[in-house]
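Work through the exercises below with the sequence and the structure open. Each task is followed by a solution in steps.

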Amino acid sequence: MPDIVLENVTKSWGEVIAVKNFSLKIPDGSFMCFLGPSGCGKTTTLRMIAGLEEPTKGKIYMGDKLVYSSEEAFSMSPGDRDVGLIFQSYALWPHMTVFQNIAFGLEMSKVSSQDTKKRVQEIAKLMGIDDLLKRYPSELSGGQQQRVALARSLAPQPSCLLMDEPLSNLDAKLRVDMRTELKRIHSKTKQTIVYVTHDQIEALSLGTQVVVMNKGELQQIDEPMELYKNPSNLFVAEFVGTPRINMVKGEICEKDGQFGLAADELFFPLVKIDGVNINQEVTLAVRPEDIKITRVDKKKSLNFKIYSTLPTGADIFTRVYNKKIFFTVRQEERVIHDPETEVGLDFIENSLLIYDCKTERLLGKTSLKK
Amino acid sequence: MQTAKKQKENKNLFFKRFSNITRRSFRNPPFILSIILFVILLYLIIGPLVSMVQSSLTLHPRDALFLDDENAGDFTTYYLVRTFLSNMKNVLFYKPFLNTLIVIFPMSAIAVLIGGILAWLVVRTDLPGRRFFARIAITPYILPSWTLALAWINIFKNRTIGGSAGILEYLGITPPTWMSFGPLPIIIVMALHYYTFSFLLIGSGLREIDTRLEESALVLGADQKITIRKIVFPLIAPAVLSGWVLTIARGVGSFSAPAFLGRPVNFQVLSTKLFSNLQTGSPGIAYLLALVMILLAISFIYVNQKIVGTRKGFVTITGKAATKNIVKLGKATPLIMTLVILFFTFVVFVPIIVLAIETFVKVPGDYSLSNFTLQYWIGKGDPHILSGTPGVLRSPEMWQATWNSLKLGLLSSFFCAIAGLLIGYTVVRLRGTFLSKSLDQVSFLPYLIPSIAFGAIYLSLFAKPRGFIPSLYGTFALLILVTTVKNLPFATRAGISGMMQLGHEIEEAGIIAGAGWFTRMRRLIMPLQKSNLLSGILLPMVSAMRELSLLIILITPGTHLLTTLTFKYTDYGYYSISNALLLINIFVVLILCAIVQKITKSDLSKGLGG
């Protein structure tokens, strides 16, 4: 099974640019998630790989096989690209039974009817829908339709499986179940999967690699945990993670000989790092789980008040404030504080991300100077 | 050396690109298909229009005889001058033009009023038997439009303008001539036919209003009357306006009612004048009148789009099919019920009964029992009765015409459905492109062209051989062609909305699976559009079978239809025969309607009113 390579792919409709100069290598056997807000170009990119959309510029390879080239006006037909595609709406053919739906692709690739029957049975069994083969799509539940759609695209054994928000029409519980199954199927078959989603939890929990896109441009491509720990720019930092990452905008300065960040009357003393200079405008970002609530320490200036406490069952999220600066903290101790209680804050070592305000790029990680 | 190599490379790239692009466009045929369809539509819709303009500016051989210094085939302003400027202008143009306006304005107002009231009663009140009334309300549209005209003549005609007495005169009341013929009966008869447009448009408008909008008003303390006035009416206004404009646009081209009720007293409108000009061999003038009618219809529709276009947001609200706020009629129920029943009795049942009675009366105007006969149904030809015309059931002419009508209805609606599917498919697939918009608009154009004018331009286009197409005048193929094209707007609307509902992904899933275009059409698109296709057949079929104005100019003795035969015998004054033919026509249409609705489980009211 080949790698998929996109080379400087651009897609525009007149003035509107959907995907901008996008280059990417999707390694064989990976589970690649495209993550981004709606309209970021992730679905367009997926459709260009499938061959349903043609790039305005650029080249696409599957292995050493060229499948699209704007220069040569060449586009391999989707049926010859050896891909499977699962639509958000599933797009099951309502006038065909489950069996006919799954068998259609095999029929198109001229598989004998005996082999087709065998293959359909086999894949239906794998997906747990072997007792539904005679039904019509309208007689199935959402989850069952989802499985049929998966079976239909897996049946011809494509070298790459493309999925466009396949779980977004399911209810919350089913969605979690299906994620588990998708991950299992992937680890069993080692099938290359390209998966489009706007749900960051889905992307992080499923992908071996996550591609974050915004406004048609690649933001970051990394392994899920790396993406979460070291978001390379403000957009990624803000888009990935719930509750959202805490952000404080301010200016780097020196106060009483101490290097730090001045933001709205508050001063965060910081360990000095390279690339961050005095008078530079920066944004400090920190994940809620990297903050701890401590007792008030009158000697320190970083004292906050409780704004509200939101227990979610497994976690307790507490919002604290000092004047205009707010932080969301994932509390470790199961205590519910009363509003307006005075508390202190502590930050885990090397958890403070510093971003340049102008370029929005990550400058480095640092800690609070104790 | 270097540049030569580069040139060669460029040349190779060019050929590579060319062959790749060609291969791709055949693999994905909507583009090529749309170009083919567009060319066909240009030929069948724009071509005739151009030819008509040309024809009205070219000297006709007959007129060349009267003019010394011009030859046949020359460019001439003779017809323009004669129609609009000469001392004939009043007879040829201004009088019929004025008469047309005199008819269509009051007619459309009455039609909208009747349609609106009926729609409101059926959709928004607790009137008993609403569903039954809703079905019955569209029957006047299924019946040929001159059913009422003929019935009117039978009841109200008097002997002042010759011929026999009507039923009223027989009963001792002589109606004044202005009640028998002329503008008043034309207005009434047309309004009772065309109210169906407003009924359907306003009805579906009322059904689609989001009930929550009204509920909000009620919760805020408005009573029901205020809610209707301030919320419901403004929301329904675009539908009312559209209904009105469609009625006017149709009224301009309407031929049968003015022909039956106006011509005996020489009350001419544009459509009847056009017809008589064609018959007397002045096609130049006829085409000018046709152009005026087209402009008139288009300008009304344009005004409608200007006004409604900006407020469209209203109509497109997709309300949930929730329970509607039903107005309780309470004590008024018996009164309203009686009125509605009386209305339908006089509009649907009385005319048919009157027509039926007339076919059994031997000497017209005498309704005593001894005068009743079956002669006009099963009698052999008798030289003393209607110059030997046999009873309709014995007349081979009638059987031929019935067969022709059936053939026309079935074939033209079949072609319509296919064209609708293909045009709908390409318009939706190429959405947003210039070709898609042009296809969409050109295929709607026949709706704006009055039927009689449309017939006239087809006559002008196909009267002589054109390129590789032989002269089609006098052939049945021409009738099928013109009916198909005229009904295309209904078919393409149905095709487009069907494809919109289907969405892209159903087909894309097939593309991914490696199915070619024909396989996709045959295995995926067609089966899913089947019900849509079949219900799209019903409307063109019904229109084809009760069509007169479109075809009257194109008919030759060999291609008579039930409708045109009826017209012929009315022209002779053989009302008994024409009534019998009309009853057969109604019978055939109703049976066919019932069969198609049964098979396709479709409802005529769905596609109507466009």
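**Exercise 1: the contact between the chains**

The contact between the chains takes 19 residues from chain B and 22 residues from chain A, where two residues are in contact if their C-beta atoms, placed from the backbone, lie within 7 Å. This is a predicted model, in which local features need pLDDT of at least 70 and side-chain atom pairs count only at pLDDT 80 or more, while totals for chains, interfaces and linings use all residues. Residues are numbered from 1 along each chain as its sequence is written, and chains are lettered from A and ligands numbered from 1 in the order in which they are written.

Task: describe the side of chain B that touches chain A by element and by residue class.

Solution. 
Step 1. Find the elements that each supply at least two residues: they are α1 (2–27), α23 (505–512) and α24 (517–545) of chain B. Helices (H or I, at least four residues) and strands (E, at least two) are DSSP runs, numbered from the N terminus.
Step 2. Look for the largest share: α1(B) gives it, with seven residues.
Step 3. Sort by class: this side of chain B has 11 nonpolar, two polar and six charged residues. Ala, Val, Leu, Ile, Met, Phe, Trp, Tyr, Cys and Pro count as nonpolar, Asp, Glu, Lys and Arg as charged, and the others, Gly among them, as polar.

**Exercise 2: the domains of chain B**

Task: state how chain B is divided into domains, and describe the side of domain 1 that touches domain 2.

Solution. 
Step 1. Chain B has domain 1 (30–51 + 390–610) and domain 2 (91–278 + 303–346); such bounds come from an automatic or database domain assignment.
Step 2. Taken over C-alpha atoms, the centres of domain 1 and domain 2 of chain B are 25 Å apart.
Step 3. Domain 1 of chain B brings 28 residues to the contact and domain 2 of chain B brings 26 residues.
Step 4. On the domain 1 side, α21 (451–462), α25 (562–572), α26 (575–600) and α27 (604–607) of chain B give two or more residues. The largest share, nine residues, belongs to α26(B).
Step 5. By class, that side of domain 1 of chain B has 17 nonpolar, 10 polar and one charged residues.

**Exercise 3: a sheet in chain A**

Task: trace the strand order of the open sheet of five strands in chain A, then find the strands at its edges.

Solution. 
Step 1. The order is β2-β1-β4-β5-β6 (chain A), with antiparallel pairing; two strands pair if DSSP finds at least two bridges between them.
Step 2. β2 and β6 (74–75) of chain A stand at the edges, each with a single partner strand, so one side of each has no neighbour in the sheet.
Step 3. Strand β1 (residues 4–13) is joined to strand β2 (residues 16–26) of chain A by seven bridges. Across this pair, Leu6(A) stands opposite Leu24(A) and Lys11(A) opposite Val19(A).
Step 4. β1(A) and β2(A) form a hairpin with two residues between them, and Gly14(A) in the turn has a positive phi of about 60°.
Step 5. β1(A) also pairs with strand β4 (residues 57–62) of chain A over five bridges, and Lys57(A) in β4(A) is the bridge partner of Thr10(A).
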